[in-house]
Every structure is written in structure tokens, then in C-alpha cells.
Amino acid sequence: MIPSILYAALVFAVLVVVHEAGHFAMAKKVGVRVLRFSIGYPPKVFGFRRGETEYSIGATPFGGYVRMLGDEVGEKPTGEEIISYLHEVGLDLIGAARERGALQAASPFDDNLRGLADRLGESGAGVAHSVIGRELKPDEAILLGEVRGQSKVDDAIKSLAEHPPTKLVEAYCERAFPTQSLGKRVLIVLAGPLANILFAPILLTFVFMTGVPELLPVVGKTTNNLPAAKAGLRSGDRIIAVDGRPMETWADFSKTVKAGDGSPVSLEIDRQQNGASARSTIIIKPTRLEQKTIYGTNATTWVIGVQPRGDEITKRYGPFGAAKEAGQTSVEMSVQLVVGIGSLFAGNTPVREALGGPIMIAQMAGQEAHRGLANLAMFTVMLSLELGIINLLPVPLLDGGHLLFFIFEGVKGKPLELRYREAMLQVGLFLLVALMAFVIFNDISRIVQG
């Protein structure tokens, strides 16, 4: 079980990085300041600062977040937000000076900032370039000027927070998330799920180029009273062609039968008899049968009642063929997932059968990893699509919930009142906690029941 947990943790870590990197990259692109990029939740186990962002790993796995300046919607920053912002501005200055060797890493924040205030406060641009590698920004100049006029750094920051100059507020609003245009905020929130959705065909392209195991169209078992058994198809028969079209893989064979909409199919088969190969043609009329998909939904499809024997080959694609196959596969998987979610909400699929939690995911990750890296990668693709699509659902705390708030804002012309947002977030939190408790209990029930 431990290897399975490790594989699941690895898969989740990759998907969380992809998801949060989407938010992060778009926020940076539109000019929003990103304070922290975290894989896992607090307490922090490890972290480092690069530029204006802290990158950290939390002790609580299976999640992550991007914290932006002023995450909550507000018309102007509060005193606490200004204090936090000025602290970040000070860290920016100290970091820039340390990169140029102008400060010692071991010195405290207050000592470093006061030292920079003394050196840069009234100096020209040339000194600033030599110390931090650039000119001072307006908010940096305001902070250093106040530090020079106060006996303590904390007093200087509190003084600015109580009576923030206009230029300081403007600098804050220019980089804060809530004060961006509605279009920019939509792009930032949407970028996370889209990153997961786009990651699927990208990863699949490399998988198809590396090589994927493909089942050969060799019959392993026929089901009694279904068309294949009645027509005389036997275990070991290899399907050469269907209606004159060559069949290279079992997937080709299955798709061709299902796409025929019940029309009779002509199967050219190769059968080994007494050590010799003999070819013959069998005509079979498919029948409709209800089957369960990989997403837990029931689907009625055309079948003839056969299962593959398990013979495999490794199929490799060129770059363009791999990209085309990856795109088609991603679209098919996405459609199946959307249909599965719709069936779940419609009540057509039992919730206990369709939903699984971290225990089931760990088991599946271990099983797929045991079958090979290609299978583990395909499992990762499926989870990435699920994460992206589910995050678009209009549920508070999910990205779709934020997008729902933005729709209200676009219609009303102003953000939804804070008390309503907080109430909806509380409901969303309750629903997600209840869902997590349910899927964990469901996983345990599956194990107990065997």
C-alpha cells in the first residue's frame, strides 16, 4: 500500500503544480503580485524566496494554492493589508540587495531595511543601481523615507498603514488581484483548470511518442447467448478486418463495431487449426447492451459479446501523429467525463459507485504504475482532465465558484456583497468537507466489503 500512496502523492503533486502554475503564470502575465506558490498546505516544511514570490512545500499534501496580493475583493486595502504589503516591499528591497552582495543574509529584517534606508533614502539613481540593481519604485521610496523618519521599522510601517499616501495606495491597487479589471480576474481564475485540461494532450503526446501498449484484436473469451458465440467466433481467433477495413488493435475493432449502429459486420478472421493458419469470414449482427464506463456511468452500446485475450504490442507515433492522437483521446475522455458528471447529477448513476476518494485513487495509481509508466501517465491524464473540469463547476471554493461571483459582478456592475460571498463560501466549505468525508467512508466500505 505504501508504494501506491507514494505514486498517488506523485501524481497529485504533478497535477497541483500544473493547476497552480496556470494561476501563477496568468497572474504574473497581467501584472498581479504573487506572494506565495505553495504545494501542500501549512505548516510549511520547506520554502525559499525568489523575487517577490515565496515558493514553499506544506506538510499537508494533496493540494496547493497561489496566494496573490489582496485575495479578497475590496475597493481599497485595509490597514492590515497595507502592513503586509509594506513588509513584502521591504523583503523585495532586501532580496535585491542580497543578490548584489550589498547585504548579509544573516542580518534581521529591521536592521537590513534600516541600513538600506540610510544608504538609499536620499541617494541618486546611480547609488540605487549599485545597491539593488535598479531605481527605487514609488512605494519603495515611500517606505524607506518613513523608516528614516522613525526610530523603529514597525512604527514606520504602522504609520504608513494608518495614513497611507495616495501613491502607496495606487501602487498597491496596481498589483492587487481584487482591483484588477473583471476580464483579468476571470483569466487568472480560469487559467488553473485550463492548465490541467491542456496538460492532458501535452502529456499524451509524449506518451504516444514513447510508445503505448496496444491490445491486439485477438479474441480471448466469448459470452454465451450473445452474437459472437452464436456465430461461432472462438478464443484465439484474430480479427484481420471488419467490412474490409484492416484492424490493427482491439480498440479499432471495438470502435468499428460500436460505430456500426447495429448493422451486421463482416469479420475476416485468422484461426489456428492443427498448427496451420486458416482464414474465414463470419457475419455477425451486434446487439444493444448496457455497459458501465470507466467513469461509473451506464451506457447502452452495440456489442457482439467478446473480450480480448490480452496480446499486446507497443505502438509508437511520430510527433504529428502523436499530437493528433493525443488531441482526439483527450476530447473523447473529456466528453465521457462530462457525460458522467451529468449522469451523476441526474441521478442515473449511483453515487456510491461513481465516487472514489484518496484511498481508491492511491489503489488505482499503484495498479497502473505496476502495469507500466505509460499506464500511470494515462491515469494522470484522466485525473488531470477530471481536476480541470470539476474545478469549473459553480461550487463556492472551487474556481467555478469564483467565476460564478464574477458573473454576478458582470451583471450587477459591482462585486457581490461580502456577506453574501462569505455565506456562499461557508456553504461551499461544508459541501466539500461532507463530500470528502463521504468518499473516504465509501473507500473504506469498499475495502471492508472486498
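Modeller: Leu431 is partly exposed, because its relative accessible area is 44%, which falls between the 20% and 50% limits of that class. The model is a predicted one. Leu431 belongs to helix H16, residues 418–449. Between the C-alpha atoms of Leu431 and Pro396 the distance is 9.2 Å, although 35 residues separate the two in sequence.

The wider setting is as follows. The protein has 450 residues, of which 40% count as buried, and its secondary structure comes to 16 helices and 12 strands. Among contacts with a separation of 6 or more, 64% are between residues 24 or more positions apart.

Met209 is located in H8, and Met209 counts as partly exposed because its relative accessibility is 34%. Together with Leu194, Leu198, Ile202 and Phe206, Met209 forms a nonpolar surface patch with about 480 Å² of accessible area. Asn196 also lies in helix H8, yet Asn196 is buried, since its relative accessible area is 0%. Beyond its neighbours within four places in sequence, Asn196 is in contact with Leu15, Val18, His19, Ser384, Leu385, Leu387 and Gly388.

The largest of them has 33 residues, and Leu113, Leu116 and Leu143 have the most contacts inside it. Two or more residues of this core come from each of H2, helix H3 (109–120), helix H4 (125–132), H5, H6 and H7. H2 gives the largest share, eight residues. Leu113, when residues up to four places away in sequence are not counted, touches Gly90, Leu93, Ile94, Leu143, Leu144, Val147 and Val153. Another core lies apart from this one and has 23 residues, including Val18, Val212, Ala322 and Leu376.

Helix H7, residues 166–175, has Leu168, Ala171, Tyr172, Cys173 and Arg175 as buried residues. The buried residues of H7 pack against helix H2 (79–99), helix H5 (138–149) and helix H6 (153–162).

The charged pairs come next. Side chains of opposite charge can pair when their charged atoms come close. The count of salt bridges in the model is 17. One of them joins Arg33 to Asp92, with 2.6 Å between the closest N and O atoms. This pair links distant parts of the chain, 59 residues apart: Arg33 is in the loop between helix H1 (2–30) and strand E1 (34–50), and Asp92 is in helix H2. Both Arg33 and Asp92 are buried.

A further salt bridge is formed by the side chains of Glu140 and Arg134, at 2.8 Å from N to O. Glu140 counts as buried because its relative accessibility is 2%, whereas Arg134 is partly exposed, with a relative accessible area of 23%. The side chains of Glu332 and Lys255 also meet in a salt bridge, at 3.9 Å from N to O. This pair, too, links distant parts of the chain, with Glu332 in helix H11 (residues 319–346) and Lys255 in helix H10 (residues 250–259), 77 residues apart. Glu332 counts as partly exposed at 42% relative accessibility, and Lys255 is partly exposed at 46%. Salt bridges with shared partners join Lys28, Arg33, Arg49, Glu52, Glu88, Asp92 and Arg175 into one network.

The remaining topic is a sheet. Four strands form an open sheet with antiparallel pairing, in the order E6-E5-E7-E8. Strand E6 (245–246) and strand E8 (276–284) are the edge strands, each pairing on one side only. Strand E5 (residues 238–242) is joined to E7 by four bridges, and the two run antiparallel; Ala241 stands opposite Glu268 in E7. Nine bridges pair strand E7 (residues 265–273) with E8, again in the antiparallel sense. Arg271 stands opposite Ala278 in E8, and Gln272 has Ser277 in E8 as its bridge partner. The hairpin of E7 and E8 has two residues between the strands, and Asn274 takes a positive phi near 55 degrees in it.

Conventions: Residues numbered from 1 in each chain as written. Predicted model: local features only at pLDDT ≥ 70, side-chain atom pairs only at ≥ 80, totals over all residues. Heavy atoms only, no water. Buried < 20%, exposed > 50% of the residue type's maximum accessible area, 1.4 Å probe, protein only. Contact = heavy atoms within 4.5 Å. Pairing = 2+ DSSP bridges. Patch = residues over 30% accessible without salt bridge, like charges linked within 9 Å, V, L, I, M, F, W, Y side chains within 5 Å. Areas by Shrake-Rupley, 256 points an atom, 1.4 Å probe, with all protein chains shown as cover. Salt bridge = Lys/Arg side-chain N within 4 Å of Asp/Glu carboxyl O. Core = buried A, V, L, I, M, F, W, Y, C linked by side-chain atoms within 4.5 Å.
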